Amino acid sequence: EDGEDAISDCAGECGGSAEEDCAGVCNGSSELDACGVCNGPGESIPESSNINITAAVNPWNLGFIVDQADIIFSDNCLDDYDSNDIPEPPVFGTNWIKAYFHYSDWDTPFGNEFTETCYSRCQMNEFSFIVESNAQGELEIMIDMHEYLIFDSFGDIINGEIEVYDSDEMIDFYFDVDNVVNINSTIQSNETKEFLIKLSFN
């Protein structure tokens, strides 16, 4: 005889053990993958693959100064601060540019600016980065995401789409002959610009 506290399961059986899966199907077979995605691909990014960002400014057309930042994907990394994350080094010289990732919620003795960050091999749907310079001029940004994006022989992405934002405004970009994302912009002296990359996958 069922007690007063007996509860019906998802199949309507009083005191039963049937449960909904992650897709909301009673007694279904869908499961969360290692990245917390229902029926997801799991840790699908190849070990030690990376996203490389290069930022270059050409002050007064005297030649480009360059900095870069990287995201590394590995089983040895956390999606939070760990010893694999490398802080942005101090700048030297008369003219400089910095490209880095800013994590205000990371409690570290090295500040919140990182030139290299390491993540688990779960697919990222978006990421942002900061470009800062004490010089003004033409700004060129190149983002290599070959482990993320798959191209056909015509240079079109076949496994998803990409959007680029500058301060919440969608901006234009193009792929060069090596299928690297290219962004052309400008930067003012002592200006800080934040770029957001949004990715969607088929």
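Two strands pair if DSSP finds at least two bridges between them, and strands here are DSSP runs (E) of at least two residues, numbered from the N terminus. With that in hand, welcome to a predicted model, where local features need pLDDT of at least 70, side-chain atom pairs count only at pLDDT 80 or more, and totals for chains, interfaces and linings use all residues. Residues are numbered from 1 along each chain as its sequence is written, and side-chain values use heavy atoms, leaving out hydrogens and water.

**Confidence**
- The protein has a mean pLDDT (the predictor's confidence in each residue, from 0 to 100) of 87, and 97% of its residues reach 70 or more.
- Among the elements, mean pLDDT is lowest in strand β8 (residues 160-166), at 88, and highest in strand β4 (residues 97-102), at 95.

**Strand β8 and its partners**
- β8 is largely enclosed by the rest of the structure, because 5 of its 7 residues are buried (under 20% relative accessible area, 1.4 Å probe, protein chains only).
- On one pairing, β8 runs antiparallel to strand β12 (residues 191-201), joined by 7 bridges; here Ile-162 stands opposite Leu-199.
- Strand β9 (residues 169-171) also pairs with β8 in the antiparallel sense, over 3 bridges, with Val-164 opposite Ile-171.
- A hairpin is formed by β8 and β9 with 2 residues between them, and Ser-167 in the turn has a positive phi of about 55°.

**Around Asp-9**
- Asp-9 lies in the segment before β1 (50-59).
- The side chain of Asp-9 has a polar atom 2.9 Å from the backbone nitrogen of Glu-13 and reaches the backbone nitrogen of Ala-18 at 3.0 Å.

Note on methods
Helices (H or I, at least four residues) and strands (E, at least two) are DSSP runs, numbered from the N terminus. A polar contact is a pair of N or O atoms within 3.5 Å; within protein, one must be able to donate a hydrogen and the other to accept it, and residues adjacent in sequence count only if both atoms are side-chain atoms. Buried means under 20% relative accessible area, exposed over 50%, partly exposed in between (1.4 Å probe, protein chains only).
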